[in-house]
Amino acid sequence: MPEENNRPAPIPQPESDYYWEQAKAGKLVFQKCGACGSVQFFPRVLCTSCNSTDLEWIESAGKGSLFTFSIVHQPPHPGFRNAVPYITAIVELDEGVKMPSQLIGIDPEPEQIEIGMRLELAFEELNDSISLPVFRPVG
Amino acid sequence: MPNIQRLKNISGTAAIVGVAESDSLGKVPDRSPLALHAEAALNALDDAGLQLSDVDGMFTAGWSTLDVAEYLGIEPRFTDSTSVGGSSFVMHVAHAVAAIAAGYCEVALITHGQSGRSDRAPIPRNPGAPMTQYEYPYGIIGPPVSYAMACRRYMHEYGEDRTRQALAEIAVSTRKWANLNPRAYFHDRPLSFDEYHDSRWVAWPFHLVDCCLVTDAGAAIVVTTAERARDCRKGAVTVLGAGEGHDHSMISQMPDLTRAFGRNTGPQALEMAGVSHADLDLAMIYDSFTYTVLVTLENLGFCAAGEGPDFVADQVTAPGGSFPLNTSGGGLSYTHPGMYGIFTVVEAVRQLRGETGDRQIDNCDLALAHGTGGLLSSTGTLVLGSS
């Protein structure tokens, strides 16, 4: 299959190597500031709250709530031609960060999906080096 | 923070003296994007009664000014490739005013050209950028998906049914304006409320007709000093107020999905111009999606947060209504090549000059043009006045 027909895969950068390594190992990590205690997604070299560079990695407990979603019917990229309809989401982790993701294990019907519904972490293997953190309904 | 007193000093010191589209809009496979820039540039300069040799300031987005100026064969002494999405060209007008006031240039040319429909070589995105790393792998790609997620959050906060009705009102009223504009893609195609609700899903909650067109088109604007404007071919349109900025790039980083940056740029532009909402005769608000219009009306302060659905009810934004909005037919029904913002200014100028034929609104002396770029990321607002 030509490259452009594949789902786009992330190309990790120096500040995100650890994030993607941990995802491959089945863990979701994010940054917490050692100076002000703020948490942030996505990984950077500075805290966007206080500008400290004293950042540590925290592992998420993998629980959160649905902040918003869309049900995608028209593939926005050739790599998603066989994936529609699928559910994109912004998930609010219980630790306080919001992150983009997809919902799995639920019908792509508006009536089935509630903002605020409880979600838990799962992983989807994209290729040999990348696993994507995704979310499914709790229970 | 912007210094309003200093901004007031340059309010009205420069004017838009030329606006134009490319010769053809819609499906234009026989023109490259740069050819659309050039065509629109020549048309806008002709509109102003000026020539390429008069131009000493060059502004564009999407492409670098290097490419466009080289294609045109000019050597600008002020150059600005600010490229923050479809709002960029609205910002360029403000940048041109500032550059002219400071003395960097005297005749500013702002060009746009995109073959959204027919491009043989679309520009790829940097695969290491945060957006391509963290959102693209999930299929959060392109405007419809991102704006749809913002709209779904708005529905959650302010009510799904009344939001849906507002989106339909905007789609239908905008189409009515397009039906009056011979250059609009959907000039000959009316849209009913039933057709709105029956339209297929692109990214729920968006129907196809909640989404803008994808066309080929170019446009250009010429700005010069208020003094020199008096010698130009047509009535000058004075730039009275402006504001710009952005607060995120990826939709998942947007601080509040129902509050875009127009919350800052709208009030700033009005204050700089020394006018209020009630003084405005026309609002040209970038309609990448029906939701973009709904949320922007609130953000700019035309109504309070969550009151947009009441504000646009009963087709008040349609021809003959009390609040003329997007009189060209907008990105939804006139043209939208990818970064539509420049066309909000083109239409505002034409309305202020009184040259829009069947869709001309009465006594149009003060207009607001507002661009939104990226994924509800950046906004630029202008207040323009007839001279």
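The model is predicted.

Chain A divides into domain 1, residues 13-59, and domain 2, residues 61-139. The C-alpha centres of the two domains of chain A lie 21 Å apart. At their interface, 12 residues of domain 1 of chain A are in contact with 19 residues of domain 2 of chain A. Together these two domains bury about 1100 Å², and 74% of that area is on carbon and sulfur atoms. On the side of domain 1, A:K24, A:L28 and A:F41 lose the most area to domain 2 of chain A. These residues together account for 48% of what that side buries. Across this domain interface, 1 salt bridge is found. A:K24 also takes part in a salt bridge with A:E125, with an N to O distance of 3.6 Å.

The interface between the chains was examined in the same terms. Here, 38 residues of chain A are in contact with 29 residues of chain B. The two chains bury about 2900 Å² between them. Carbon and sulfur atoms carry 65% of this area. The count of salt bridges between chain A and chain B is 0.

Two sets of strands in chain A can be described in detail. Strands β2, β1 and β3 of chain A form an open sheet, in the order β2-β1-β3, with antiparallel pairing. The edges are β2 (39-40) and β3 (55-59) of chain A, each of which pairs on one side only. Strand β1 of chain A, residues 29-33, is joined to β2(A) by 2 bridges in the antiparallel sense. Within this pairing, A:Q31 has A:Q40 in β2(A) as its bridge partner.

The other set is a hairpin of β5(A) and β6(A). Strand β5 of chain A covers residues 86-93 and runs antiparallel to β6(A), with 6 bridges joining the two. A:E92 is bridged to A:K98 of β6(A). The hairpin has 4 residues between its strands, and A:G96 takes a positive phi near 110°. Strand β6 of chain A, residues 98-103, is mostly covered, with 5 of its 6 residues buried.

The largest nonpolar core holds 91 residues. The members that touch the most others are A:L103, A:I113, A:F135, B:I251, B:Y291, B:F302 and B:L376. Helix α6 of chain B, residues 143-158, gives the most to this core, with 8 residues. Domain 1 (13-59) and domain 2 (61-139) of chain A both give residues to this core, so the core lies between them. A second, separate core has 46 residues, including B:I221, B:V239, B:I342 and B:C364.

The surroundings of B:Y291 were then listed. Leaving aside neighbours within four places in sequence, B:Y291 is in contact with B:Y147, B:A150, B:C151 and B:Y154, among others. Its contacts also include B:L167, B:F206, B:L257, B:T258 and B:L376.

Over all chains, the structure holds 20 salt bridges. Several of these are in chain B. B:R31 forms a salt bridge with B:D30, with the closest N and O atoms 3.7 Å apart. B:R31 is partly exposed, at a relative accessible area of 30%. B:D30 is exposed, at 58%.

Two further pairs link distant parts of chain B. The side chains of B:R228 and B:D54 meet in a salt bridge of 3.6 Å, N to O. These residues are 174 residues apart. B:R228 lies in helix α9 of chain B (residues 226-229), whereas B:D54 lies in the loop between α2 (33-48) and β2 (57-60) of chain B. B:R228 is partly exposed, at 26% relative accessibility. B:D54 is also partly exposed, with a relative accessible area of 26%.

In the other pair, B:R263 and B:D247 form a salt bridge of 3.0 Å, N to O. The two residues are 16 residues apart. B:R263 sits in helix α10 of chain B, residues 262-273. B:D247 is in the loop between β8 (237-246) and α10 of chain B. B:R263 counts as partly exposed, at 24% relative accessibility. Finally, salt bridges with shared partners join B:D47, B:K234, B:R353 and B:E355 into one network.

Conventions: Residues numbered from 1 in each chain as written. Chains lettered and ligands numbered in written order. Predicted model: local features only at pLDDT ≥ 70, side-chain atom pairs only at ≥ 80, totals over all residues. Heavy atoms only, no water. Core = buried A, V, L, I, M, F, W, Y, C linked by side-chain atoms within 4.5 Å. Buried < 20%, exposed > 50% of the residue type's maximum accessible area, 1.4 Å probe, protein only. Domains from an automatic or database assignment. Contact = heavy atoms within 4.5 Å. Pairing = 2+ DSSP bridges. Buried area = accessible area lost by both parts, 1.4 Å probe. Salt bridge = Lys/Arg side-chain N within 4 Å of Asp/Glu carboxyl O.
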